[in-house]
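This briefing presents a single structure, shown below, for a reader new to the subject. Please keep the sequence and the structure in view while reading.

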Amino acid sequence: MTRLERRYRRVLRVLPADYREVWEEEMVATFLDGVDSDDVEAAEYAADFGRPSWSEVASVVGLAVRLRLGVAGASPRSVAWGQALRLVALMGLLVNAAAVTIDAGTRLWLSGRLGWLTAPPAEWVPATPTGTLRALWDLAGLLWLPAFVGVLLGQVRAGRMLAALAVLADAVAAVSATVDLAAGATPLLLTIWSHLLVDALVVLGLAAFHRDAPPVTRRPWLIAFAVGIAVLLGLYVALRAASPSILVDWPGLYCLLVLGVAVAHLTAPERRAIGAPAWSLALALVALGVLGMRLLSLLDYGVIIAGGERVALLAVGTAEALAVLAVGVPLARRATSALRSLQPEPARTASPPPSS
């Protein structure tokens with residue numbers, strides 16, 4: 001075996017084992033044929049010093065992603081994981097789109113620009129930061145809305161690009177907060193970075209929308225978007241009216257939202273449970289992300305907030321985290337049980353990628 005062949009086989013290790021068992025020899029032969037030369041010296045040089053081209057590596061990596069996320073011919077477990085990751089990405093886009101819509105509307109209301117609505121209580125009006133950078137960051141956050149719509153319309157590439165730009169704005173905010181901390185300020189640094197991490201994972205999850213993925217059914221997601229805005233806004237107003245403003249934050253609202261959706265899923269009759277195991281797996285992953293955001297934000301508040309307000313905040317936040325954990329564990333168990341019931345099948349129907 002030449003060094004070049006070993007390098008090709010090393011690249012092919014990113015593919016699932018059952019797929020390699022069927023296609024590895026044929027793929028290696030195809031790749032080697034592509035570099036074959038009638039020139040003996042050139043052939044010997046390539047055998048010793050040649051390497052897979054970037055296009056070949058990209059084709060293999062792309063195939064590996066598609067196989068692990070439900071391409072035709074993949075194992076049932078890979079199909080389930082692909083469905084779950086698409087659901088997670090859609091839920092992330094939906095919640096972000098709803099959140100920025102609510103945030104923009106709330107800012108307009110608190111600034112008095114929505115004169116046809118009842119004026120907000122005086123204690124609700126915040127000292128809103130101003131400046132060109134803050135305005136650009138707020139505008140970039142609104143990109144979550146067209147990104148969500150783009151994916152629903154099947155324009156996944158455009159949606160992914162818009163979402164990536166929104167994440168870039170999150171990154172700028174996180175770096176700016178880190179600089180502020182070094183300068184002596186006390187930003188909610190862990191909270192900001194946790195938002196950035198979760199949003200970046202949502203964008204990465206859009207890779208599950210490969211060309212073999214089924215189209216998104218738009219109507220349920222549009223209804224869910226409207227319901228999400230109504231629920232989040234209702235929770236915000238109700239909690240803001242009943243509690244100190246510091247107790248109303250996005251991680252807390254996300255905890256309540258996940259709690260409601262998870263309870264509805266877990267209490268539904270098994271014959272009516274939607275999309276098991278994909279939905280159970282997706283909700284378990286979402287619960288894990290929200291739990292992480294809640295815990296990191298509590299670490300922030302424990303350092304920054306002092307006195308009785310900190311005690312109240314930590315008590316409420318801990319209760320929210322425990323509630324999410326209480327539904328996350330049975331979701332994970334249900335998903336694990338459903339995945340185990342899916343028997344893996346050799347990937348014999350999918351064809352190997354081209355050599356370039």
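**Briefing: helices, contacts and cores**

T191 lies in helix α9; helices (H or I, at least four residues) are DSSP runs, numbered from the N terminus. The model is predicted, so local features need pLDDT of at least 70 and side-chain atom pairs count only at pLDDT 80 or more, while totals for chains, interfaces and linings use all residues. Residues are numbered from 1 along each chain as its sequence is written, and side-chain values use heavy atoms, with hydrogens and water left out.

**The residue T191**

- T191 counts as buried because its relative accessibility is 8%, where buried means under 20% relative accessible area (1.4 Å probe, protein chains only).
- Leaving aside residues up to four places away in sequence, T191 touches L296, S297 and D300; contact means heavy atoms within 4.5 Å.

**Helix pairs**

- Two packed helices are described by the angle between their axes and the distance between the axes.
- The axes of α8 and α9 come within 9 Å and cross at roughly 160°; axes are lines fitted to C-alpha atoms over the stretch in contact, and angles run from 0 to 180 degrees between N-to-C directions.
- Therefore α8 is roughly antiparallel to α9, a term for angles over 145 degrees.
- The crossing of α8 and α9 is left-handed, that is, the near helix is turned anticlockwise from the far one by less than a right angle.
- Residues in this contact include R160, A163 and V167 of α8 and I192, W193 and L196 of α9.
- By class, the contact of α8 with α9 has 15 nonpolar, one polar and three charged residues; Ala, Val, Leu, Ile, Met, Phe, Trp, Tyr, Cys and Pro count as nonpolar, Asp, Glu, Lys and Arg as charged, and the others, Gly among them, as polar.
- α12 and α13 pack at an angle of about 160°, and their axes are 8 Å apart.
- α12 is therefore roughly antiparallel to α13, and their crossing is left-handed.
- The contact of α12 with α13 has 17 nonpolar, five polar and four charged residues.

**Nonpolar cores**

- The largest nonpolar core has 59 residues, and L93, W144, F148, F209 and W221 have the most contacts inside it; such a core is a set of buried Ala, Val, Leu, Ile, Met, Phe, Trp, Tyr and Cys residues joined through side-chain atoms within 4.5 Å.
- α5 gives the most to this core, with 15 residues.
- A second, separate core of 14 residues includes L4, V11, L12 and Y19.

Technical notes: Buried means under 20% relative accessible area, exposed over 50%, partly exposed in between (1.4 Å probe, protein chains only). Helices (H or I, at least four residues) and strands (E, at least two) are DSSP runs, numbered from the N terminus. Angles under 35 degrees count as roughly parallel, over 145 as roughly antiparallel, 65 to 115 as roughly perpendicular and the rest as oblique.
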